[in-house]
Amino acid sequence: MQLFPGQGRSDGQLMIGGVRAQELAQAYGTPLLAIDYDVLDGSIAAFSQACAPHGIEIAYAGKALLLVALARHLKHTPLDLDVCSLGELRTAERAAFPAERMRMHGCGKTDEELEAAAAGRVGRIIVDNIWELTRLARYGPGRERIRVLIRINTGIEAHTHDFVRTSGEHSKFGFDPAALSEIVPVLQRSARLEFRGLHSHIGSQIYEREAFAENARVLMERAGSLAAAGLVAQELIVGGGFGVAAQPDGETLDLAAIMDAVAQTVREHAYAAGIPAPHVGIEPGRALIAQAGTSLYSVMARKEQFGRKYAIVDGGVYENPRPALYDAYHHIICASREAAEPVETAVCGRTCENDRLGVAELPRDLRAGDLIAMCTTGAYTYSMASNYNRFTRPAVIAVRQGTHELIARRETIEDVLRSDCDV
């Protein structure tokens, strides 16, 4: 059976980053999220190689997964970092991630988040609506200007799940192109705001290569109209959403071809509009870290209902809501041994929901105590986890070249209760 990068088998047991899954489960318990830093670094290298010929800047979208240890690791890479809350910002600051390499996102920013941008705690702020822009413009003179990028809804609807589509007529994000003229007087009157450019993000898990170039084309049209009003874009961020293979032999993207198309589109439209070609940026999150993550579960029970086989594991919607939210697919394999006689089995969590995590070919004699691995879970699992049913969130570890270390401890029941008021 094919496996993902960083995975292997030894005596039938799954290896993650050169470490036996059983060893990891015994050391840290389950559920457990393992992040293979070598796989992450390989993804960063692949994107960097595709972007380098065009000088395209890469920023990691922290919403996919952000921990202090991970931010510290990313600090030593060429990547910038996107944050979209004070919590993500403080995480990065605790790791001493450079402020000038961070950007503040969000479609409903608090006063505290705007103040963070005004105070220079981030290098850029991506403004989502006219209300944010006018609130930012109220800040008085400071040592440095507030560098602003305007998020545009380009109207491009990539073929993805409705919940992760971030452009088009049913999306809440960004300025409607018809309302773009509203920003001109605000930026022209403000001595504090510095217009840097435009931003757009069209969704997640996008395999349509033409969608990225089309997004760049529409952004360049908006850049041309703003240049005519005296606002020249120096930066153009075309977002992320690059599709990630859900199976070991699944569909992959030609990153070099995508970057070539985006860069060519920007150059051609800049020349046609008679404006300087802006510096291009992208914001991958899932595409960088998804395949670096593997979740380990212990089988708690095996049962059969109306002829269908089930495996109940110690995870569920509380630590990976994606299958329930988006019908997301994660490749599932038996980690403790190879399936000599595989049979289709529905893998479900232990919460008080019908939280099916997926269907997999697992051993016919699967038993309680066996280990199951769910692949490509580096993105939007731990970062979206909750305490539903008052379960504790799992531990997260980093693995590489046969070593492992804890980067987020498993919560305790006391952690779950810490915000309760005894009255």
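Predicted model: local features only at pLDDT ≥ 70, side-chain atom pairs only at ≥ 80, totals over all residues.

Reader: Which residues are the closest to the centre of the largest cavity?

Author: His201, Gly241, Gly285, Arg286 and Tyr380 are the closest to its centre, out of 13 residues that line the cavity.

Reader: And how does the lining of that largest cavity divide into nonpolar, polar and charged?

Author: Its lining residues split into five nonpolar, five polar and three charged.

Reader: How many cavities of 30 Å³ or more does the structure hold?

Author: Three of them reach 30 Å³ or more. The second largest cavity comes in at about 50 Å³.

Reader: What lines the second largest cavity?

Author: Pro31, Leu32, Leu33, Ser295, Glu319, Thr381, Tyr382 and Pro394 do. By class, that lining has five nonpolar, two polar and one charged residues.

Reader: Let's talk backbone. Is the peptide bond from Thr30 to Pro31 cis or trans?

Author: That bond is cis, with omega near -5°. Most peptide bonds are trans. Pro31 sits in the loop between α1 (21–28) and β4 (32–36), and Pro31 is also one of the residues lining the second largest cavity.

Reader: What about Tyr380, is its phi positive or negative?

Author: Tyr380 has a positive phi, about 60°, although it is not a glycine. Most residues other than glycine have a negative phi. You'll find Tyr380 in the loop between β18 (371–375) and β19 (395–400). Tyr380 also belongs to the group closest to the centre of the largest cavity.

Reader: OK, switching to helices. At what angle do α8 and α9 pack?

Author: Helix α8 (residues 209–228) and helix α9 (residues 255–273) pack at about 20°, and their axes are 9 Å apart. Since angles under 35 degrees count as roughly parallel, α8 is therefore roughly parallel to α9. The crossing is right-handed.

Reader: Which residues of α8 and α9 meet there?

Author: From α8 you have Arg209, Phe212, Ala213, Ala216, Arg217 and Met220, and they meet Ile258, Ala261, Val262, Thr265, Val266, His269 and Ala270 of α9. By class, that contact has nine nonpolar, two polar and two charged residues.

Reader: How do the axes of α2 and α9 cross?

Author: The α2 and α9 axes come within 8 Å and cross at roughly 40°, in a right-handed crossing. On the α2 side, the contact is made by Ala46, Phe47, Ala50 and Cys51, while α9 brings Leu255, Ala256 and Met259.

Reader: Last one. Where is the place of Ile413?

Author: Ile413 is in helix α12 (residues 413–417). Setting aside neighbours within four places in sequence, Ile413 is in contact with Arg390 and Thr392.

Reader: And how far apart are Ile413 and Glu182?

Author: Ile413 and Glu182 are 231 residues apart in sequence, and 50 Å apart in space, C-alpha to C-alpha.

Terms used. Residues numbered from 1 in each chain as written. Heavy atoms only, no water. 1 Å grid on protein atoms, 1.4 Å probe; cavity = no way out; pocket = protein on both sides within 12 Å on 5 of 7 lines; lining within 4 Å. Points joined across faces, edges and corners; volume = space filled by probe spheres on them. Nonpolar A, V, L, I, M, F, W, Y, C, P; charged D, E, K, R; others polar. Axes fitted to C-alpha atoms, helices over the stretch in contact; angles between N-to-C directions. Helix = DSSP H or I, 4+ residues; strand = E, 2+ residues; numbered from the N terminus. Parallel < 35°, antiparallel > 145°, perpendicular 65-115°, else oblique. Left-handed = near helix turned anticlockwise from the far one by under 90°. Contact = heavy atoms within 4.5 Å.
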